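Here is a short briefing to read alongside the model. Take a look at the chain first, and then we can walk through it topic by topic.

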Amino acid sequence: MYRQTLTWPFRPTPLIAVTAFVLVAFAFTAFASLNFWVGVLVVAMGSAVWYAVLGGLSLYARKMLTQAAQGLFDERMDSETEINPFGSGSGLLMGIAHLAAFVIFYYSGPEPGPVLLLPALLFPLFWTGIVLDDAPFRYLQPAMAARLVGGLGIYFPVAVLLISGSFGWMHYALQYASDFLNLLGSAFAFLFANLFYGILLYHRRHELDLQTMKSPEQTLAAEIEAEQKRIDRIFHDIHTHMNAGSYADAIRLVEATVAEDPVNQDPLMHERLKDYQNERLLLEHAVRYLGRLMSRGENRKAWALMKECVDRDERFRPPGGETLLKLTKSAAREDAGIVNALLADFANAYPDSPLIPDAHFRRARVCLELLRDTATGTELLKRIARDYPAFAASEPFQRYQARLKSA
């Protein structure tokens, strides 16, 4: 997801900004090293040039940071080539940030010490206010500071390392180690640090309550909304068919919709049909939905659907007796009463089924083992022995009878 961002600092615009910074910094620091007054002259007379190169580099760093923080990893940057700090109020604020870093390192000297700890901890707050809101002191307010630091959580030291570390390297290099490689490395480190800080902000977007332009949550919400609109249009057509008395066309439309993706569409369609409040359409779809669940081996889900439909209409049954028997085997112990009721009606629901003795046997076991209804269970076993001698001669039936006698 983030891999493509690694190329951002090597696009033409940032490369131009880095080149300008390195050339100016290398030349100016070389002059400044001649003596104190030349150094003063370089800083004073060259302030506009410093502002141009540092501002341009910083404006592009900000573009990368905000692009990443908003989740726009695959989108084009707006006004990518516009990094002129003289036409931007943000450039002035960034210039102040660089001036502050320069002054801090000027007075701390070439040997970093504990005096830099507090500025290092505060600088990410100062910089975040600039790049996100053009408000340098926004996150230095106690409440906002607590929100940012708390939102970053254990990653706050990473933010300190990225922002304070990159600023520190750049201004240390400018004042105390201004060789070509140091200047070049610090410039790219500054760009990458801002990029990675933007990614970090995006990663912690929930904790920071950060507004993004694109995220998995927003993509999912958009997909759900689009799907909702599509289903709304389908139900408008279903309603039209029902009003015209064309029930067959309505169910065909339901099935055509589900056929696109049965695993996901069946449960969605079932829920929408419950809201549609047409029991006939709901149960007709449920029969087909139940069959698809069984064919995928999702017997527990099918049993849950079966119970829900029987609760709506006690006459609801799957189209085949074999399916009903399989379903009852997925029932929990607490569903014994429902299983008993369904199997008691098996012969009426499936009068031509060869599985009627299986249903009686299954019901007898439920009555004896789960419902403690010895009278009904015993009577069912006698009926099987009398009316279905072939089944009564089978090994499972004989073994069960023998177990009852020995108990």
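This is a predicted model: local features need pLDDT of at least 70, side-chain atom pairs count only at pLDDT 80 or more; totals for chains, interfaces and linings use all residues.

**Confidence along the chain**

- Helix α8 (residues 180-203) has the highest confidence in the chain, at a mean of 94.
- Confidence is lowest in helix α2 (residues 36-45), where the mean is 54.

**How α3 packs with α4**

- Helix α3 (residues 47-69) packs with helix α4 (residues 89-108) at an angle of about 110°, and their axes are 9 Å apart.
- This angle makes α3 roughly perpendicular to α4, since angles from 65 to 115 degrees count that way.
- On the α3 side, the contact is made by Tyr51, Leu54, Ser58, Leu59 and Arg62.
- Their partners in α4 are Ser90, Gly91, Leu92, Met94, Gly95 and His98.
- By class, the residues of this contact are five nonpolar, five polar and one charged.

**Cysteines**

- How many disulfides does the structure hold? The number is zero.
- Cys309 counts as buried because its relative accessibility is 0%, and buried means under 20%.
- Cys367 is likewise buried, with a relative accessibility of 0%.

- Most residues other than glycine have a negative phi, so the following residues may be worth a look in your viewer.
- Asp209 is not a glycine, yet its phi is positive, at about 55°.
- You will find Asp209 in the loop between α9 (205-208) and α10 (216-243).
- Is Asp209 buried or exposed? With a relative accessibility of 54%, Asp209 counts as exposed, because the cut-off for that class is over 50%.
- Arg372, also a residue other than glycine, has a positive phi near 55°.
- The loop between α18 (356-369) and α19 (374-387) is where Arg372 sits.
- Arg372 is exposed too, with a relative accessible area of 63%.

- Ala248 belongs to helix α11 (residues 247-259).
- Its relative accessibility is 37%, so Ala248 counts as partly exposed, between the limits of 20% and 50%.
- Ala248 and Leu6 lie 242 residues apart along the chain, and 57 Å separates their C-alpha atoms.

Key: Residues are numbered from 1 along each chain as its sequence is written. Side-chain values use heavy atoms; hydrogens and water are left out. Axes are lines fitted to C-alpha atoms, for helices over the stretch in contact, and angles run from 0 to 180 degrees between N-to-C directions. Helices (H or I, at least four residues) and strands (E, at least two) are DSSP runs, numbered from the N terminus. Angles under 35 degrees count as roughly parallel, over 145 as roughly antiparallel, 65 to 115 as roughly perpendicular and the rest as oblique. Contact means heavy atoms within 4.5 Å. Ala, Val, Leu, Ile, Met, Phe, Trp, Tyr, Cys and Pro count as nonpolar, Asp, Glu, Lys and Arg as charged, and the others, Gly among them, as polar. A disulfide is a pair of cysteine sulfur atoms within 2.5 Å. Buried means under 20% relative accessible area, exposed over 50%, partly exposed in between (1.4 Å probe, protein chains only). pLDDT is the predictor's confidence in each residue, from 0 to 100.
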